[in-house]
Amino acid sequence: TRITASESAMLLSGRLPEFPGIDDWQMHVEGTRINLALLAPLLGLEGMPDQPYDLSGNLSADDEGTELLDFQLTSGTSRMGLNGTVGQAPSYFGTRLHVELSGNNVADAAPWIGLQQLPNEAFRLSGDVELDQQGWRLRDGKLASDSLNMTLDGVMDKLLNTTALDAQITLASPDLAATLTSYGVQTGLPSALPITVSGDISGTPDKLTLKSGQARLANANARFSGDLGDLRDPNKIKLGLALQGDNLRSIVPAPLPGDVPMPFSLAGRLAFADGQAVFTDTEGAIPGSQINISGGVTLGGRNPARQLAAEFSVAGKSSRKLEHLLGMQLMLPDRPFNMEATLTGGSGRFQLAPLNIVIGESDLEGQLELKTGKKPELTASLRSNYLHAPFILPDLDALEREERARARAAAPVEDFTDELTTAELQERVISAKPLQLDWLQKINGSLDYSARTIFFKEGVASTADLIMSVNDGVLAVDRFNWNG
């Protein structure tokens, strides 16, 4: 039998052994430009996209009236395969289907799953579904695409255009930043940052919640829960987040000085707004270093030069430990410290401005700008109101004690005077160790620094101004004023 209507055509062939009784029949179906949205209620699949399909398959029924099908649906660049059993009307309870949907563009699948925006990339969807009094149960649901792999097991009220869901979900991406970008969220995160996420989701598509969320981000582990909101609108996601890992450097979008691994723990709130990821109420620590971190971070946005905006403070009991982590040697005494700063940037250019640091009695304020690349470029403009630097001058009392101890251990005893010998000057003031100058070959930059008061000891103080630059391994001092 051939049926035609406008541009649509359907060919039916098969047998009806006990017509008009139709409890045992077999039929082969082929159709072109068929609008399945009109036929969906007959299959118990209300909500099919309203668009034409080509189809082919076999339908049959057994003595119990259960329809069996082996169907292929094609439309444009996508293909759907259906194999299994459809239960009896009108409830269709007992339906069991294996579903596969694949194509060259996952955006074509958006109408099938009720989403409005999906990326343009090849994909494959598959899963086993069953219908009973509780609704549709999905087992081993899988989405495989270039940017994202997902599995889903759970219960939903409708197979298409679900309005209620209770499921376990896992997500995996080889590059979190690229995946979020393809789904319309710009973050400025480092590239090639792999992530795996799992959790329990429930609710309606416009008001989903997530529980027992866990993630592995590069070398960091995360726990989270909260409101996913409407999956069609990332701006409604609000989550509580706890993150810990072996190296903070692997997940921050701005480069950190040094190369020592920085274990960390962070907790806060995560939300999305206008295509940006916003972290608030963030508190954290670097275990073993007695260093605490707090602040807020905004990632992403339409401006490539401002993919990162953060206000934060870092405090600790040992400035030496901070220097070790950042690969620096400030020469200041080991003291408690506090740093407050605003960090902005993107596209390889980052600014710390304003920057305020207090280390013991000393302070430092100003701004830093870093341009990343094969040879980074650092520009610094810094000021100190007070620099506590007694270590610069020799401690004559300590020298006297050492000299007396040395005299008791050796003879003859030399009289001690306040005048240092050349050897003592070399040993006490100018280190005999060679200066480490290999950094001159690794970075270009400039420094404009001034100190209003440099304290050496009671009654001895100074001021200083310094302008210097490094270019291709050459260190040039343009101005150096020392008054005191």
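**Reading exposure, backbone and cavity in a predicted model**

Mentor: In this predicted model, S347 counts as exposed, at 62% relative accessibility.

Trainee: Why is S347 called exposed?

Mentor: Exposed means over 50% relative accessible area, and S347 stands at 62%, so the word applies. S347 is found in the loop between β20 (337–346) and β21, and it has a positive phi of about 55° although it is not a glycine.

Trainee: Why is A218 called partly exposed?

Mentor: The middle class lies between under 20%, which is buried, and over 50%, which is exposed; A218 has 26% relative accessibility and therefore counts as partly exposed. A218 sits in the loop between β13 (207–217) and β14 (220–229), and its phi, near 55°, is a positive value in a residue other than glycine.

Trainee: What makes T282 buried?

Mentor: Buried means under 20%, and because the relative accessible area of T282 is 15%, T282 is buried. T282 belongs to strand β17 (residues 276–286), and, leaving aside neighbours within four places in sequence, its contacts are L266, A267, G268, I293, S294, G295 and G296.

Trainee: How do you know that the bond joining A353 and P354 is cis?

Mentor: Omega is about 0° for the peptide bond that joins A353 and P354, and this bond is cis; P354 itself is found in strand β21 (residues 349–359).

Trainee: Which residues line the largest cavity?

Mentor: The lining is made up of L332, P333, R335, I359, G360, E361, S362 and H388, which by class are three nonpolar, three polar and two charged residues. The volume of this largest cavity is about 30 Å³.

Key:
Residues numbered from 1 in each chain as written. Predicted model: local features only at pLDDT ≥ 70, side-chain atom pairs only at ≥ 80, totals over all residues. Heavy atoms only, no water. 1 Å grid on protein atoms, 1.4 Å probe; cavity = no way out; pocket = protein on both sides within 12 Å on 5 of 7 lines; lining within 4 Å. Points joined across faces, edges and corners; volume = space filled by probe spheres on them. Nonpolar A, V, L, I, M, F, W, Y, C, P; charged D, E, K, R; others polar. Helix = DSSP H or I, 4+ residues; strand = E, 2+ residues; numbered from the N terminus. Buried < 20%, exposed > 50% of the residue type's maximum accessible area, 1.4 Å probe, protein only. Contact = heavy atoms within 4.5 Å.
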